[in-house]
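Please keep the sequence and the three-dimensional view at hand while reading.

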Amino acid sequence: MKLLPRDIYENLEFDKILELLEKECLGELGLEAVRAIEPATDIERIERSLNETREFKLAIDENDYLPVSSYSVISEELRMLEVEGYVLPEEGLRSIHAVLAFTRAIFRFFKGARRETYPTLYANIREVSFDEGLIEAIEKVIDEEGNIRPDASPELMKIRRMIQSKQKELERQFRIVINEYRNKGWLSDNIESFRNGRRVLSVPSEHKRKIRGIIHDESTTGKTAFIEPEAIIEINNDIFDLETEERREIYRILRELSAELRPYVPQIRVYQDILGHFDFIQAKARLARQMNAIQPKVFPKPHFGIQKGRHPLLYLKNAKLGKPTIPFDFVLFGNNRILMLSGPNAGGKSITLKSVGLLQLMLQSGLLVPMDEGSEMGVFLEVFADIGDQQSIEDDLSTYSSHLENMRNFLEHAGKDSLVLIDEFGSGTDPKIGGAIAEAILKELNNRKVYGLITTHYSNLKIFAFKNKGIVNGSMYFDKENLSPTYELQVGRPGSSYAFEIAEKSGLSKKVLDHAKHRTGKNEQAVDQLLVDLQQEKQELEDKLRDMKEREEKLDKLIKNYEQLHRELEFRRKKMKLEMKEQALQQAARDNKEMERIVREIKEQQNIEKAKELAMQAREERRQLSEEVGGLREEIYYKPPAREDRKKEIEVGDFVKLRSGGATGTVESIDRNKAVVTMGQMRMTVKLRDLQHARAPLEVQSTKSVQADTVAQPATFESKLDIRGMRYDEALKVVEDFVDQALITNNHNLQIVHGKGNGILRNAVRKKLREYNVDMDVWHPEQQQGGDGVTLVEIK
């Protein structure tokens with residue numbers, strides 16, 4: 001993120017937030033992470049950091065504490081350990097053991113359901129495994145207090161037992177010597193002491209020649225000699241030798257342990273980094289709890305939707321004093337991007353401006369922000385701030401020159417992803433000239449589509465904000481009755497400076513104020529009031545316009561719904577008519593049997609002409625009925641869709657269903673004008689023109705049956721079909737529709753009556769049934785039930 005000017009952290013008081021954050025760190029690694037904080041612009045990184053902090057805060061709130069406590073940095077120990085032959089001292093091993101113990105506790109914390117409760121925190125260790133062998137190797141040598149264990153090796157255990165034995169012998173012999181010399185009066189009041197690591201007797205100088213032994217030291221006055229008695233010299237020498245062997249054995253143990261740990265230095269560094277990262281997260285979480293901060297919804301572009309926002313430092317200060325902090329709502333509706341904030345001095349303009357900038361820096365640094373749930377914030381690529389007195393003696397800049405220098409830098413770098421914060425815009429020079437320059441700069445910033453918050457007292461800037469899109473006036477509400485600020489932000493109306501009212505309250509004489517009012521004239525005050533009235537009317541018109549647009553959108557939706565319902569109703573009406581015609585066609589086929597009987601009677605009566613006439617009449621009626629059914633099918637199922645309803649051609653993998661209704665299947669393959677469709681565990685070959693796109697099914701049936709779409713399923717299904725008297729092609733089509741409906745409605749037992757004759761219709765039925773890739777049994781019943789004139793089908 002680009003930040004201007006260089007001292008923007010100090011201007012927005014972000015440096016004080018970092019200082020508070022440092023106080024919450026438990027070790028040097030956390031402090032380093034805080035000092036390295038830089039606001040990010042990658043929304044994934046920002047949200048990951050916010051999620052980590054929120055989850056750690058949740059763990060603290062639920063008393064589900066992660067095991068992170070004070071630790072030592074072991075970077076130097078690890079660097080030395082990498083040197084071949086280097087032997088880690090006991091202190092270094094203690095520090096490494098502490099880091100490994102904390103890391104192990106973190107890994108153990110995330111066992112079980114906590115992985116789902118704190119997924120972002122767990123992601124920090126998901127790809128890492130903890131090597132228990134490392135800590136076990138150290139714990140074999142180092143005890144819980146960080147000292148070398150007595151049983152670190154059999155040899156060490158043997159040496160320490162011998163030392164203990166010699167020390168007991170020394171104690172016993174020393175007591176004998178003390179008793180002997182004390183009875184003789186040769187010892188001082190302080191009977192014994194230690195000199196040069198040896199236990200010695202305190203002997204007055206006049207008796208030192210009476211005691212055989214080694215004089216190790218004398219007092220500063222020379223009146224006392226410290227003598228190691230001859231009786232214990234040999235014992236002390238043995239203890240000294242054993243302690244030397246002990247140190248040698250400990251060195252050997254540490255050398256072997258160092259060699260064992262050396263290959264795992266990179267892995268231990270990873271553990272240390274994990275511990276440091278969790279230290280950084282817990283510091284952010286603890287600070288967030290102090291501020292009562294939350295995680296807002298974050299957009300990947302500039303956006304403001306702050307609800308009940310609070311300045312973090314002011315909130316902490318007031319909380320200690322038991323005072324409430326007045327929050328503010330900062331929401332920009334429509335195309336508004338810049339808030340022109342006006343109002344009286346000490347009314348809260350500058351603190352509101354700083355709050356917006358500080359909250360933005362905190363958010364993009366991964367810190368939770370003090371505002372209410374439901375708030376929204378965006379991501380900016382640049383943040384520019386011109387706040388306070390920027391006078392610089394080193395750079396030979398006056399206050400106004402420094403402001404202009406900032407404006408020049410802002411104009412060079414600002415764009416549609418920039419946040420610009422300017423306090424007391426245009427001040428520092430002649431108001432008329434300063435206001436004009438400020439207006440020109442504001443125009444350029446608005447043309448560049450920047451986002452910002454600007455405070456001012458200048459009327460020309462308020463008027464400019466009123467006239468131009470993208471800028472909206474705002475004010476800090478002022479209690480005119482009590483002449484005191486309320487610190488409440490109001491977006492949508494400009495504010496007055498209330499200079500005369502505040503001056504009167506401060507005690508200025510009426511004479512002085514009258515002269516000032518006379519000099520300014522009535523127009524100045526009238527402009528402020530006119531702006532307020534115009535802004536209010538503009539706001540009301542914008543609200544009405546927004547309401548009309550919402551109503552227009554609702555009306556468009558209602559019209560589309562009506563048209564869709566009308567199309568569906570027309571489709572159902574025509575489909576019902578088609579079903580009636582199809583039933584009539586089947587009835588005509590059944591009536592054909594009666595016609596054949598009549599023909600036979602006429603033949604018997606030798607009335608051939610009448611038979612031909614009746615046969616032609618029956619064929620004509622059946623042909624007309626078939627044409628009507630075909631036409632209705634074309635109109636209902638194959639009519640080209642309206643332009644807004646047209647969809648892409650059917651492709652492999654699309655969800656489809658039969659135009660006549662039924663279950664949804666998936667296109668497995670397409671060969672010219674036919675497609676193989678899979679419905680559950682059933683595959684069937686269907687013409688492309690008989691298919692239409694469908695939505696993905698809500699669930700997949702696990703049985704072999706086909707669940708039909710309840711919306712398009714026919715009301716009834718006759719499991720018996722009579723095709724006697726039909727032509728070959730006509731019979732194929734009718735049988736195909738009949739079997740399709742049986743599959744869709746989940747009917748398993750079918751009966752097709754085709755008559756015996758010369759077997760043409762029977763063969764047609766057999767041929768059509770073989771086209772279905774479905775497990776089914778086909779046979780003819782007994783003679784008394786129709787024999788070869790009836791085909792029975794059982795779909796398994």
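This report moves from the whole chain to selected strands, helices and single residues.

## The whole protein

The model described here is predicted. The protein contains 22 helices and 24 strands. Of its 796 residues, 42% count as buried. Contacts between residues at least 6 apart in sequence can be sorted by separation: 68% of them join residues at least 24 apart.

Several residues of helix 10 are buried, among them L156, I159, F174 and Y181. R160 is also one of the buried residues of helix 10. Against which elements do the buried residues of helix 10 pack? They pack against strand 2 (192–195), strand 3 (198–204), strand 5 (224–229) and helix 11 (230–261). After helix 10 comes G185, whose phi is positive, near 80°.

## An enclosed strand

Strand 13 comprises residues 451–455. Five of its five residues are buried, so strand 13 is largely enclosed by the rest of the structure. In a regular strand, side chains alternate between the two faces of the sheet. Both faces of strand 13 are covered: Y451, L453 and T455 are buried on one side, and G452 and I454 are buried on the other.

Strand 13 runs parallel to strand 9 (residues 338–342), and four bridges join the two. Within this pairing, L341 has T455 of strand 13 as its bridge partner. Strand 12 (residues 418–422) is likewise parallel to strand 13 and joined to it by four bridges. Here I422 stands opposite I454 of strand 13. Together with helix 16 (residues 431–447), strand 12 and strand 13 make a right-handed β-α-β unit.

Five strands form an open sheet with antiparallel pairing, in the order 19-18-17-16-20. Its edge strands are strand 19 (682–687) and strand 20 (691–693), each of which pairs on one side only. Neighbouring strands of this sheet are turned by 45° against each other on average, direction ignored. Strand 20 pairs with strand 16 (residues 655–658) in the antiparallel sense over three bridges, and V656 stands opposite H693 in strand 20.

Another open sheet has four strands in the order 21-22-24-23, with mixed pairing.

| Helix | Residues | Strands touched | Angle between directions |
|---|---|---|---|
| Helix 21 | 728–744 | strand 21, strand 22, strand 24 | about 165° with strand 22 |
| Helix 22 | 760–770 | strand 22, strand 23, strand 24 | about 170° with strand 23 |

## Two residues in loops

R310 lies in the loop between strand 7 (304–309) and helix 13 (312–321). Is R310 buried or exposed? Its relative accessibility is 9%, and because buried means under 20%, R310 counts as buried. The side chain of R310 reaches the backbone oxygen of N292 at 3.4 Å. Residues up to four places away in sequence left aside, R310 touches several others, including M291, Y315, F328, L359 and D372.

V83 is placed in the loop between helix 5 (75–81) and helix 6 (90–109). At 43% relative accessibility, V83 counts as partly exposed. V83 and A259 are 176 residues apart in sequence, and their C-alpha atoms are 10.0 Å apart in space.

How values were computed
Residues numbered from 1 in each chain as written. Predicted model: local features only at pLDDT ≥ 70, side-chain atom pairs only at ≥ 80, totals over all residues. Heavy atoms only, no water. Pairing = 2+ DSSP bridges. Contact = heavy atoms within 4.5 Å. Axes fitted to C-alpha atoms, helices over the stretch in contact; angles between N-to-C directions. Buried < 20%, exposed > 50% of the residue type's maximum accessible area, 1.4 Å probe, protein only. Polar contact = N/O pair within 3.5 Å; in protein donor to acceptor, adjacent residues only side chain to side chain. Right-handed = clockwise from strand over helix to strand, strands pointing away.
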